[in-house]
Amino acid sequence: MIRVNEFRKIDIEIKNAIREAFEFGKSNQKDKNDYYLFLSNATYIENYVGTNVSPYVIDNRMDYLIDSHRLDFLTKYLKTYYSFSQFNTSDSKESLTMEMMMYTHIWESKNFLKQLIKLLDLCNGNEYQWNYEIPDATNGDSKQLLIRDTLRDGFKAKSLKIADIMTSGYRSQFRNAFAHSDYSFGLNDEKINLHNYKPNSYEVDSVGIDEWTKFFCHSFLLNYHFQNYYYQERQKIENPIELFLRNRTGDKKKGIIEYDRERDAFTGKLTER
């Protein structure tokens with residue numbers, strides 16, 4: 001359960017943190033208008049190598065399609081269960097189980113994690129990464145290290161409040177317990193028992209329902225408002241934007257991208273050979 005005043009406080013903090021991170025990234029981008037490569041989801045698609053299509057793609061719609069249904073469900077859930085028609089939210093095993101699933105999906109979403117890493121690159125003034133592979137079990141890397149050490153600590157190094165939001169929302173133990181059904185509800189449904197608990201570690205053997213709800217709210221509001229702000233920034237674009245694109249072989253070349261607000265889509269072309 002969470003009270004409406006506490007929820008609204010968290011909601012405002014997250015909106016402000018996201019706005020701050022986007023503005024910081026825009027101000028510290030390496031090349032002029034790299035920010036718009038980020039907004040246009042400029043991506044390298046390996047399957048296009050050797051075809052008539054350049055592997056360096058503006059506005060990769062596949063990422064949108066993959067994540068759209070999850071985000072639609074997240075939005076509907078937010079409006080249904082966190083509209084506060086009553087003073088507080090109410091919890092049930094069914095709603096808590098749904099939230100555990102959503103929590104796991106948020107922190108497993110490759111598209112969301114790629115957006116966060118590209119935003120961090122902007123904040124650090126790094127070269128825009130067209131080709132970024134999210135670590136997982138198939139490539140032997142750890143999402144936990146990406147989320148905690150690279151993303152959270154990276155934003156923290158820039159004194160950006162989005163790092164605090166991630167600290168308040170992300171706990172790898174929760175994600176792992178929920179993903180592997182390694183939990184149970186306590187007596188009187190006052191807490192969630194975590195059976196992946198290891199003594200003498202940072203892990204906990206249980207989390208109270210009210211405390212869990214705060215973790216969940218920080219996570220889903222971060223994802224929800226991030227996507228909203230990302231879309232709003234796209235909608236502000238009115239004129240063609242000059243920036244650096246890539247040719248088929250990956251060389252950096254001058255180019256232009258344009259945004260169609262009605263279709264919510266980008267097109268681009270090279271202006272330099």
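Modeller: Start with Ser181, which counts as exposed because its relative accessibility is 57%; exposed means over 50% relative accessible area, buried under 20% and partly exposed in between, for a 1.4 Å probe and protein chains only. This is a predicted model, in which local features need pLDDT of at least 70 and side-chain atom pairs count only at pLDDT 80 or more, while totals for chains, interfaces and linings use all residues. Residues are numbered from 1 along each chain as its sequence is written, and side-chain values use heavy atoms, with hydrogens and water left out.

Ser181 belongs to the loop between α8 (172–179) and β3 (183–185). Helices (H or I, at least four residues) and strands (E, at least two) are DSSP runs, numbered from the N terminus. Most residues other than glycine have a negative phi.

Two strands count as paired if DSSP finds at least two bridges between them. β3 and β4 (residues 191–194) are antiparallel and share three bridges; in this pairing Ser184 faces Asn193 of β4. The two strands make a hairpin with five residues between them, and Asn188 in that turn also has a positive phi, about 65°. β4 is in turn joined to β5 (residues 206–208) by three bridges, again running antiparallel. There, Lys191 has Gly208 of β5 as its bridge partner.

The structure holds 32 aromatic pairs, where a pair means that the ring centres of Phe, Tyr or Trp (its six-membered ring) lie within 6.5 Å; planes under 30 degrees apart are called stacked, over 60 edge-to-face and the rest tilted. One of these pairs is Phe174 with Phe215, edge-to-face at 5.0 Å centre to centre and with 80° between the planes. This pair links distant parts of the chain, since Phe174 is in helix α8 and Phe215 in helix α9 (residues 209–235), 41 residues apart. Phe174 and Phe215 are both buried. Tyr183 and Phe185 form another edge-to-face pair, with centres 6.0 Å apart and planes at 80°.

The C-alpha atoms of Phe7 and Thr213 are separated by 9.9 Å, though the two residues are 206 apart along the chain. Phe7 counts as buried because its relative accessible area is 7%.

β7 (252–260) and β8 (265–270) pair in the antiparallel sense over six bridges, and Tyr259 stands opposite Phe266 of β8. Four residues separate these two strands in the hairpin, and Asp264 in the turn has a positive phi of about 50°. Asp264 is buried, because its relative accessible area is 16%, whereas Ser181 is exposed at 57%.

Lys252 has its charged end over the ring of Phe244, 5.7 Å from the ring centre. A charge is taken to sit over a ring if NZ of Lys or CZ of Arg is within 6 Å of the ring centre and within 35 degrees of the ring normal. By that rule Arg61 lies over the face of Tyr64, at 5.2 Å from the ring centre.

A search of the whole structure gives four cavities of 30 Å³ or more. A cavity is a set of points, on a 1 Å grid over the protein atoms alone, where a 1.4 Å probe fits but cannot get out, and lining residues have an atom within 4 Å of a point. Grid points are joined across faces, edges and corners, and a volume is the space filled by probe spheres set on the points. The largest cavity holds about 60 Å³, and its lining includes Phe38, Asp63, Lys114 and Tyr230. Helix α5 (residues 110–124) contributes the most to that lining, with four residues.

Conventions:
1 Å grid on protein atoms, 1.4 Å probe; cavity = no way out; pocket = protein on both sides within 12 Å on 5 of 7 lines; lining within 4 Å.
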